[in-house]
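Subject: Structure for you to look at

Hello,

Here is the structure I said I would pass on. Please open it and keep it in view while you read the notes under it.

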Amino acid sequence: MRRYIFTAISILLLIVTFFMFGYDPTKWYGKFYNSLNIFTPFVLGGLGILSAIFGIKGDIRKVLIMLNAFLLILFLGVYLIGIFSFQKP
């Protein structure tokens, strides 16, 4: 039963992180994301990977780990581009 809870937590964190990537303040989830930190996607992605490791074994675990890791890498790329590319010349 505990493995199902960890899998559900991982899916929930994946969805929250995915909505954070396509953030739009006019949507229904806009007010939730206004008060979050810039490092929140990394924390949510790390917790998603960690809870997927403790979740249901098999293909579901692999898919959740891969999707959470993909979103982490995507956010890392966006933040690195934002930090190093948009400096004043």
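Predicted model: local features only at pLDDT ≥ 70, side-chain atom pairs only at ≥ 80, totals over all residues.

Start with helix α3, which covers residues 40-53. Its 14 residues reach 20 Å from the first C-alpha to the last, close to the 20 Å expected at 1.5 Å a residue. The buried residues of α3 are Thr40, Pro41, Leu44, Gly45, Gly48, Ile49, Ser51 and Ala52. Viewed down the helix axis, these buried residues fall within an arc of 170°, so they line one face of α3. Among the elements that cover them are α1 (2-21) and α4 (59-84).

Next, α3 with α4. These two helices pack at an angle of about 165°, and their axes are 9 Å apart. Angles over 145 degrees count as roughly antiparallel, and α3 and α4 are therefore roughly antiparallel to each other. The crossing of α3 past α4 is left-handed. On the α3 side, the residues that meet α4 include Pro41, Phe42, Gly45 and Ile49. On the α4 side, those that meet α3 include Leu64, Asn68, Leu72 and Tyr79.

Now α1 with α3. Here the packing angle is about 155°, with the axes 8 Å apart. α1 and α3 are therefore also roughly antiparallel to each other. α1 passes α3 in a left-handed crossing. From α1, the contact involves residues including Phe6, Ser10, Leu13 and Met20. From α3, the residues taking part include Thr40, Leu44, Gly48 and Ser51.

Is Asn68 buried or exposed? This residue lies in helix α4. Asn68 has a relative accessibility of 2% and so counts as buried, since the cut-off for buried is under 20%. Leaving out residues up to four places away in sequence, Asn68 touches Ser10, Leu14, Gly45, Gly48 and Ile49.

Phe6 is found in helix α1. With 28% relative accessibility, Phe6 counts as partly exposed. Which residues does Phe6 touch, not counting those up to four places away in sequence? They are Ser51, Phe54 and Gly55. Phe6 and Leu50 are 44 residues apart in sequence, and their C-alpha atoms are 8.8 Å apart in space.

Regards

Definitions and conventions: Residues numbered from 1 in each chain as written. Heavy atoms only, no water. Helix = DSSP H or I, 4+ residues; strand = E, 2+ residues; numbered from the N terminus. Expected span 1.5 Å × (residues − 1). Buried < 20%, exposed > 50% of the residue type's maximum accessible area, 1.4 Å probe, protein only. Arc of directions from axis to C-beta. Contact = heavy atoms within 4.5 Å. Axes fitted to C-alpha atoms, helices over the stretch in contact; angles between N-to-C directions. Parallel < 35°, antiparallel > 145°, perpendicular 65-115°, else oblique. Left-handed = near helix turned anticlockwise from the far one by under 90°.
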